[in-house]
Amino acid sequence: MPASIASLDTPVALIDMPRMQRNIQRMQQRMDNVGVRLRPHIKTSKCLPVVQAQMEAGASGVTVSTLKEAQHCFAAGIQDIFYAVAIAPGKLPQALALRRNGCRLSLLTDSLAAAQAIIDFGQRHDERFEVWIEIDCDGHRSGLRVEDDALIEIARRLNEGGMQLCGVMTHAGSSYELDTPQALQALAEQERHLCVSAAQRIRAAGLACPQVSIGSTPTALSALNLEGVTEVRAGVYVFFDLVMHNIGVCRADELALSVLTTVIGHQRDKGWIITDAGWMAMSRDRGTQRQQRDFGYGQVCSEAGDWIEGALLSSANQEHGIITLSKGGDIDITERFPIGSRLRILPNHACATGAQFPDYRACDASGQVHTWSRLHGW
């Protein structure tokens with residue numbers, strides 16, 4: 001039965017459903033307008049009601065970061081699933097089981113050794129795995145450079161070994177370090193250009209490379225040109241967070257995830273308000289520390305969700321959060337924030353904060369709260 005926010009124990013992860021729906025529509029409409037398929041990355045929510053809302057809005061297939069997510073989505077009726085982490089050979093039996101059960105699971109590689117492991121396993125089990133090749137578009141993490149000779153060799157080996165090359169993919173993770181429209185647009189074009197160029201190199205070698213997949217929320221929302229791209233994978237847009245707010249791709253009133261917390265004490269001489277949401281609730285992610293505006297462990301809002309300017313969760317122990325006020329002045333913190341009063345805290349990184357909780361409490365437009373379970377593990 002639906003509950004109310006007032007009835008919830010704390011700390012608890014709250015989803016503002018109207019904000020979430022607007023975020024989903026915003027990204028889907030953008031992709032529809034440019035004629036590119038949206039394959040959302042579900043690692044942010046790991047939550048079927050959220051994924052279903054994305055699919056109902058027009059998303060096509062999903063991107064996952066674990067095979068457990070893939071199993072969860074497939075059990076819910078989603079068949080087109082891209083496991084977008086370079087697969088370890090030991091996970092191939094799990095991938096095979098999913099495909100034998102009817103899941104159209106595609107895999108990722110960025111090395112000759114891993115590609116050969118997929119080929120050898122596929123041949124032993126008479127399975128034609130669908131495989132993507134990861135491209136490094138910004139030196140952020142993993143993938144092959146466009147000019148790397150291994151790019152063509154991997155594509156050739158997959159083809160000759162009886163596997164199916166889906167295409168090339170990339171992720172402009174360094175977009176998280178930017179904060180101007182011009183810089184984001186430039187990186188989005190770099191991401192597009194390099195991934196399309198990789199596909200063109202493979203095609204020029206006489207090999208099929210049908211799809212070009214790119215993805216990061218900042219570049220997806222900033223790209224001026226997606227020519228040659230067939231799909232976009234973005235994830236955090238569904239909730240957004242303070243890192244995205246600092247980057248400049250969302251407003252404060254678009255942040256859909258918060259943590260409801262209760263004031264449990266004060267240190268008046270230090271100006272501290274103590275809450276029951278420490279790093280076990282918020283996570284240790286301090287992503288905004290590297291940005292122009294540091295939000296500590298989170299931005300504090302009223303229980304109703306109104307931003308309290310200058311109020312930050314500035315420090316966190318395991319089960320204790322410490323709120324400080326940069327504009328406290330002569331405010332009596334015990335009167336303004338009495339013990340038992342409740343606040344919301346907006347997280348730095350929605351993916352990391354969501355991962356701290358077994359479920360979400362999703363608040364609809366009428367104020368009713370629904371429990372949505374969240375997937376954990378690998």
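Is arginine 26 buried, partly exposed or exposed? In this predicted model, arginine 26 has a relative accessibility of 32% and therefore counts as partly exposed, since buried means under 20% and exposed over 50%. Arginine 26 forms a salt bridge with glutamate 254, with the closest N and O atoms 3.5 Å apart. This pair links distant parts of the chain: arginine 26 belongs to helix α1 (residues 17-34), whereas glutamate 254 lies in the loop between α9 and β11, 228 residues apart. Glutamate 254 has a relative accessibility of 11% and so counts as buried.

A search of the whole structure finds 23 salt bridges. One of them joins glutamate 231 and arginine 39, whose closest N and O atoms are 3.1 Å apart. Aspartate 253 is partly exposed, its relative accessible area being 37%. Salt bridges with shared partners also join Arg99, Arg100, Arg104, Glu127 and Glu130 into one network.

Four aromatic pairs are found in a search of the whole structure. Among them, phenylalanine 82 and tryptophan 132 are stacked, with 4.8 Å between centres and 25° between the planes. Phenylalanine 82 lies in strand β5 (residues 80-86) and tryptophan 132 in strand β7 (residues 130-135), so the pair links distant parts of the chain, 50 residues apart. Both residues are buried: phenylalanine 82 has 0% relative accessibility, and tryptophan 132 has a relative accessible area of 1%. The rings of phenylalanine 239 and tyrosine 360 have centres 5.7 Å apart and planes at 70°, so this pair is edge-to-face. Phenylalanine 239 and tyrosine 360 are both buried. Separately, arginine 286 lies over the face of tyrosine 297, at 5.4 Å from the ring centre.

Strand β12 (residues 272-275) pairs with strand β11 (residues 257-267) in the antiparallel sense over four bridges. Strand β12 also pairs with strand β15 (residues 321-325), again in the antiparallel sense, over three bridges. Isoleucine 274 of β12 stands opposite glycine 265 and opposite isoleucine 322 in β15. The hairpin of β11 and β12 has four residues between the strands, and glycine 271 takes a positive phi near 75° there.

Key. Residues are numbered from 1 along each chain as its sequence is written. This is a predicted model: local features need pLDDT of at least 70, side-chain atom pairs count only at pLDDT 80 or more; totals for chains, interfaces and linings use all residues. Side-chain values use heavy atoms; hydrogens and water are left out. Two strands pair if DSSP finds at least two bridges between them. Helices (H or I, at least four residues) and strands (E, at least two) are DSSP runs, numbered from the N terminus. Rings of Phe, Tyr and Trp (its six-membered ring) pair if their centres lie within 6.5 Å; planes under 30 degrees apart count as stacked, over 60 as edge-to-face and the rest as tilted. Buried means under 20% relative accessible area, exposed over 50%, partly exposed in between (1.4 Å probe, protein chains only). A charge sits over a ring if NZ of Lys or CZ of Arg is within 6 Å of the ring centre and within 35 degrees of the ring normal. A salt bridge is a side-chain nitrogen of Lys or Arg within 4 Å of a carboxyl oxygen of Asp or Glu.
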